[in-house]
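I opened the notebook to go through this structure one item at a time. The entries below follow the order in which I looked things up.

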Amino acid sequence: MAIAVFFIAAAVAILGGVGVVSFHQPIRSVLSLVLVMLALSVIFLLLGAQFVFAVQIIVYAGAVMVLFLFVIALLGPARELGRGRLRYQGWASAVFVLVLLGLMWTMLQGVQYRQPDKTDLNFFGTVQSIAVGLFTTYLYPFELTSILLLVAAIGAIYLSRKRIDESEGGPAEGLRPSAGVGGNLPPHQT
Amino acid sequence: MTQIYNDPIGHWVVVVVAMALLLFVVLTATAYTVWFERVALGRIQRRPGPNRVGPYGLLQLAADGVKLAFKESFIPEKTDRIIYVLAPTIGVAAAFLAWTVIPIGLWGDLQYWIADVNVGILIIFAVSSLNVYAIVLGGYASNNKYSLLGGLRSAAQLVSYEMALGLALVPTFMIVGSLRLRDIAGFTVSWGPYHGPIPLILLTPLGFIIYLISATAETNRTPFDLPEAEQELIGGFLTEYSGLKFTMYYLAEYLNVITVSTLAVLLFFGGWYLWIVPPVIAFLLKVVLVVFLYIWLRGTFPRLRYDMLMRLGWKFLLPLAIANVVVTAIILVAVT
């Protein structure tokens, strides 16, 4: 049963991946990527990782891909141009796929598949076990990652702020990003 | 019962019967929520509401359903037909999927659920976060400026309020110590001589208020129905939809209202526990009361402007929810 679900999910994930690169309309590529995310979440669930399953859908399918969709809907239904490919791209990709398959084949030789030792699968992927890991063993990486995300968020806000002219009564001097350091250049300088 | 459930074939029979039963009950409940809303809104606006089809207008929904089913199913020109048809089905599927983890108390200790998972509430968040695809894709594929504007507004709105919605529930999880919906609904305390269930709204009233507001925004209900704002966007993402596809959107919307009301009952009003009242009746009563609260909101509040909506979400509800989490954590540490 689990094997059947795994193969269905894996096939859906691969088909979605093929769809991402082969569709010409960007919106269909985005939807294929959503399909990949959903299939991956099913595979996480098969591994007993319930929490990662839910978070995979909430974060990737529910938030990240929605922003992709937002941008594409905002830019309008443009079709990707079929031209402009490199010469022999098809042949080169086939060669690379074969090389990659060979590499994976050699790497996977001698790998033994077994259940993890001494792991209670009823507890393994639960919220409690993930929380114990995050707040004891991996506390410092966890907190450092959150600081990294905060820095990225502040940087994004700073860079995307429009430069407001003084004549229009913008915010006070100290609140405004100065030209040259950040913010968009005024039109006459570009 | 346990024996049937542990048998591999019996297990499947139980699950299929449970799902079919759920489909029937939830669809009927959705239909009568629409009727209930129309009657309640009518009373709020001092008019009778539906009262012609059947006794008290109770068959109005059947008549509407037949009418919608026989309408022409229109697909706009020069659009992506697959996505246009796919969008409403995503909405209905997401709305139904949430019910896989919702438990319902039936009688005594007998309870109903399809899946009793450790991350129950997170799964509801996950599937309801897919709801935004229905609206954005519908708006995009309609090939209509108003639809597109409605879809884009909705994407921003749903993503913004999801944050406040999730954080509003964190104090509840901290108090109960579990994300499993049955644990939260069956939360009991031992305070001095009192030992028994307690509605969590008494412990996190602020969480309930934030949840109520954000959930209204998440379901696109009236103070926050900017994606479909009739007066300015004609109907937003719904403009080009007709017939059964329109019905699907409508169904998904009301199903989501029932889902968030049921969640409110499970998370804040002690689920199916109400003194000596049989669980199923108590549960139904509480859900109807919360649904009425949503209808009441719709009947009394004007729609927010778009920038006010965003300001409310990001600058008021989100900081309030975070403060609520911090304060609850401090109190919990002090008490225990």
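**Entry 1. Confidence**

What is the mean pLDDT of chain B, and what percentage of its residues reach 70 or more? I am working from a predicted model, so I checked this before anything else. The mean for chain B is 83, and 95% of its residues reach 70 or more. For the model I noted an ipTM of 0.81 and a pTM of 0.81.

**Entry 2. Where chain A touches chain B**

I looked up how many residues each chain gives to the contact. Chain A contributes 17 residues and chain B contributes 20 residues. On the chain A side, helix 3 (residues 50-75) supplies the largest share, 13 residues. I then sorted that side of chain A by class and got 13 nonpolar residues, four polar ones and no charged ones.

**Entry 3. Helix 3 of chain A against helix 6 of chain B**

I followed helix 3 of chain A across to helix 6 (residues 131-141) of chain B. The two pack at an angle of about 10°, and their axes are 11 Å apart. Angles under 35 degrees count as roughly parallel, so helix 3 of chain A and helix 6 of chain B are roughly parallel to each other. I recorded their crossing as left-handed.

Which residues make this contact? From helix 3 of chain A they are A:Val66, A:Leu69 and A:Ala73, and from helix 6 of chain B they are B:Val132, B:Val136 and B:Tyr140.

**Entry 4. A helix pair inside chain B**

Next I took helix 7 (residues 145-176) and helix 13 (residues 306-335), both of chain B. They pack at an angle of about 15°, with their axes 9 Å apart. Helix 7 of chain B and helix 13 of chain B are therefore roughly parallel to each other. Their crossing is left-handed. The residues of this contact divide into 20 nonpolar, five polar and one charged.

**Entry 5. A hairpin in chain B**

Last, I looked at two strands. In what sense do strand 3 (residues 188-191) of chain B and strand 4 (residues 194-197) of chain B pair, parallel or antiparallel? They pair in the antiparallel sense, over four bridges. I traced one residue across: B:Val189 has B:Gly196 in strand 4 of chain B as its bridge partner. The hairpin formed by strand 3 of chain B and strand 4 of chain B has two residues between the strands, and B:Gly192 takes a positive phi near 55° in this hairpin.

Conventions
Residues numbered from 1 in each chain as written. Chains lettered and ligands numbered in written order. Predicted model: local features only at pLDDT ≥ 70, side-chain atom pairs only at ≥ 80, totals over all residues. Contact = placed C-beta atoms within 7 Å. Nonpolar A, V, L, I, M, F, W, Y, C, P; charged D, E, K, R; others polar. Axes fitted to C-alpha atoms, helices over the stretch in contact; angles between N-to-C directions. Parallel < 35°, antiparallel > 145°, perpendicular 65-115°, else oblique. Left-handed = near helix turned anticlockwise from the far one by under 90°. pLDDT = per-residue confidence, 0-100. Pairing = 2+ DSSP bridges.
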